[in-house]
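Hello,

Here is the structure I promised to hand over. Please have a look at it first; my notes follow below.

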Amino acid sequence: MKAQSRKIDFDPSLWPSYEEELSCIETHSIFYKVSVDCDSIGLESPKLDLMVNDSVISLSAEGLSIVLADRAFKPEEHLLEYETLKSDVRVLYKIDSLVYYGSYDIDTPATKLVDLTCVIHNRKIAIPKAAYSDLYDPLLRDSFGAKFQMVGIYRSLDRERLYLKLNSISSGYEVIFIIDGFKYIGRVLWPGI
């Protein structure tokens, strides 16, 4: 399995328009806070209200609502494909014929991201399931298993663009979803290995 420095899942001609804001988000930690002061990097992070139940984390603020849901991963319900590395170590490479992004230090993932919903001013943003169906073990819980604020949400200062940043456990990946206006543009993903 070869590491990629960055995987851009949208029209590459759009990259220059997002590159500066994305580079700021890359270096801005999301851990232990959802709402942080981002003015110095040309973004803002809205003050978010957090609601949690067993499998869903819901964040809302100022006309914005984001819902993330994960579910326990059941290996027997999926097609698992492995690859053998040079060191004769066998690692999970694909799940259901899609390249697997998640925690690579375990045999199979513990959880799978099953829903990502975004509503801006009562308009639901269509985020296709394909945008997150290959993401496993999202970092939504603390080490004690409780839901925790491990999601970064950033807005451009002109409030035209929204960025949603997620990490996986054990540095498996970092992903930023981009919404411009009321349209989902795509994602930028940094695999961890």
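**Salt bridges and burial**

R187 has a relative accessibility of 3%, so it counts as buried. Buried means under 20% relative accessible area, exposed means over 50%, and partly exposed lies in between (1.4 Å probe, protein chains only). This is a predicted model: local features need pLDDT of at least 70, side-chain atom pairs count only at pLDDT 80 or more, and totals for chains, interfaces and linings use all residues. Residues are numbered from 1 along each chain as its sequence is written, and side-chain values use heavy atoms, with hydrogens and water left out.

The structure holds five salt bridges. The term means a side-chain nitrogen of Lys or Arg within 4 Å of a carboxyl oxygen of Asp or Glu. One of them joins R187 to D9, at 2.7 Å from N to O. R187 sits in strand β14 and D9 in strand β1 (residues 7-9), so the pair ties together parts 178 residues apart in sequence. Helices (H or I, at least four residues) and strands (E, at least two) are DSSP runs, numbered from the N terminus. D9 is partly exposed, at 29% relative accessibility.

E21 pairs with R161 in another salt bridge, with the closest N and O atoms 2.8 Å apart. E21 belongs to helix α1 (residues 15-26) and R161 to strand β12, so this bridge ties together parts 140 residues apart in sequence. E21 is buried at 13%. R161 is buried too, at 15%. R161 also meets D158 in a salt bridge (3.4 Å, N to O). D158 is partly exposed, with a relative accessible area of 44%. Shared partners join D9, D134 and R187 into one salt-bridge network.

**Nonpolar cores**

A nonpolar core is a set of buried Ala, Val, Leu, Ile, Met, Phe, Trp, Tyr and Cys residues joined through side-chain atoms within 4.5 Å. The largest has 27 residues. Those with the most contacts inside it are I66, L68, C118, I127, L135 and F177. Elements giving two or more residues to this core include β5 (64-72), β9 (111-120) and β13 (173-180). Apart from it lies another core, of 12 residues, among them F10, L22, I178 and I185.

What is C118 in contact with, leaving aside its neighbours within four places in sequence? Its partners include L64, I66, I127, L162 and I179. Contact means heavy atoms within 4.5 Å.

Best wishes
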